[in-house]
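Open the structure in your viewer and keep the selection tool at hand. The tour below goes from stop to stop, saying what to select and what is there.

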Amino acid sequence: ESTAKNSMPEKVFQRRHRGFIFLLLPQVITIFLLAYVVLLTPCYLIGKIRLYQVERQFHQEHISIRIEHYLTPAAKPNAAEEIFAIDIPDFPVKYFEVEKLSPEERRELDSQLHELRPQLMRFRAMLRKYDRLGVARDFSDHPKLNLAQKKLRNYQYWSELLPGNAPMEMLRDLRQCRFYEIGEDPYYGAYSERRYAARSNRILEDHLRKLSDAELQTVKNTLQMDIGNLPGNTRHYVLAENSIDLKRMNLVMGLPFPFRDNAAATSWQIAREEAALRSREWFESIDNYRKFAARNAKRSFWYSFLRDDGESKNRLHSATLAQYRLALAAVELEKYRRQHGDYPKNPVLPRDPFSGQPLRYIAGKMLYSVNGDGIDDGGRAFGRHEKDSTDIVFHLEKK
């Protein structure tokens, strides 16, 4: 009985305590919400103002900061349906060095090419028919785009070995595959353009002497156009990277909305400066780029989180430019050879974007760029091991 009497005040106290908590809870929530609004509203408004100013500045330069500009779905008709209906098998690694194949492997390759010819011709007809691929990177269907890109590359490898395939047709195919891939996926545009420039040069190395004078002039005109377009393309790739990274950050990290516009404004300002630096030649921009990267790594978590490989990306523009200039110089040397019977001994050559000096030339043998390390390796295109430095090479005479 005494225990029951002692427990009564405790129960009353507990009921009063719960009632007190429930009475204060709305007030606590109200105070919290008011503090949230008072503290974060300025961040939200400042972010809106900053983003508006950045967007206005970009608009004056005819640049868009909207992701739709970089990932606009291709208008129909496009190749999206046909490309998945054509079966192009994976290209075996051993066929990359055809000259090393045994007689039995060579017969096997010829048999496969004979069987694949109808699919390859159908694929080529598709490339000629449509201007756009129509499979965009939409953050939800990466495998579909990756499969389309894989088919494009396998087609290039197989078709280049197809008997009777004219070099100008191979270059035309390569160019259209490049438009398909970069048009739908500008995020990796700098890598893609670098890869396609190198592939184009391999075709020219093998067939330069077989081209007619008119075809040489067509190749020259195309290279001059690519060189002229490259700085603008590089700026577009940098801004596309930034736009897509912003969307990815909001989707994956769930950045609170009061901070999104502020982060976006900072990111676009950084991207604008980065685009200007990455679209210049390596020898004249690398020191400024390293200062820019160090400064923004301290200033912005966003930059250090997403742009940690910026210097390697900065090298891509100059590597692509070097490939284009090497090919252009090779065309001019081939024209000279046809007119005079031999290559010149001391030609005037384009500038190497890595050294700022003329491209290197071994008379009648090769042209080369010293590449990003600035070391002249005498035209060594492949190192004995990964740490070996190498040059970017265009062979005038294939061994």
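A residue counts as buried when its relative accessible area is under 20%, and as exposed when that area is over 50%. Y157 has 18% relative accessibility, so Y157 counts as buried. Keep in mind throughout that this is a predicted model.

**Stop 1**

A search of the whole structure finds 12 aromatic pairs. Begin with F91 and Y157: the ring centres are 5.4 Å apart and the planes stand at 50 degrees, so this pair is tilted. Trace the chain between the two and you will see that the pair links distant parts of it, 66 residues apart. F91 sits in the loop between α3 (80-85) and α4, while Y157 belongs to helix α5 (residues 142-160). With a relative accessible area of 10%, F91 is buried.

Now select Y95 and W158. This aromatic pair is edge-to-face, with 6.0 Å from centre to centre and 70 degrees between the planes. Here too, distant parts of the chain are linked: Y95 is in the loop between α3 and α4, W158 is in helix α5, and 63 residues separate them. Are Y95 and W158 buried or exposed? Both are buried.

**Stop 2**

In soluble globular proteins, nonpolar side chains tend to be buried together.

Next, centre the view on L367. Beyond its neighbours within four places in sequence, L367 is in contact with residues including L326, A329, A330, L333, I392, V393 and F394.

**Stop 3: two crossing helices**

Show helix α4 (residues 103-129) and helix α6 (residues 167-184). Their axes come within 10 Å and cross at roughly 60 degrees. The crossing of α4 and α6 is left-handed. To see where they meet, select R124, M126, L127 and R128 in α4, then E169, R172, D173, Q176, C177 and Y180 in α6. Sorted by class, this contact has 4 nonpolar, 1 polar and 5 charged residues.

**Stop 4: a buried lysine**

Select K220, found in helix α8 (residues 213-252). Its relative accessible area is 17%, so K220 is buried. Setting aside its neighbours within four places in sequence, K220 is in contact with L328, V331, E332 and K335.

**Stop 5: two positive phi angles**

Select H62, in the loop between α1 (2-60) and α2 (67-70). Phi of H62 is near 60 degrees, a positive value in a residue other than glycine. H62 counts as exposed because its relative accessibility is 77%.

Finish at N371, in the loop between β2 (366-369) and β3 (392-395). N371 is not a glycine either, yet its phi is positive, at about 70 degrees. Is N371 buried or exposed? At 17% relative accessibility, N371 counts as buried.

Notes:
Residues are numbered from 1 along each chain as its sequence is written. This is a predicted model: local features need pLDDT of at least 70, side-chain atom pairs count only at pLDDT 80 or more; totals for chains, interfaces and linings use all residues. Side-chain values use heavy atoms; hydrogens and water are left out. Helices (H or I, at least four residues) and strands (E, at least two) are DSSP runs, numbered from the N terminus. Buried means under 20% relative accessible area, exposed over 50%, partly exposed in between (1.4 Å probe, protein chains only). Contact means heavy atoms within 4.5 Å. Axes are lines fitted to C-alpha atoms, for helices over the stretch in contact, and angles run from 0 to 180 degrees between N-to-C directions. A crossing is left-handed if the near helix is turned anticlockwise from the far one by less than a right angle, and right-handed if clockwise. Ala, Val, Leu, Ile, Met, Phe, Trp, Tyr, Cys and Pro count as nonpolar, Asp, Glu, Lys and Arg as charged, and the others, Gly among them, as polar. Rings of Phe, Tyr and Trp (its six-membered ring) pair if their centres lie within 6.5 Å; planes under 30 degrees apart count as stacked, over 60 as edge-to-face and the rest as tilted.
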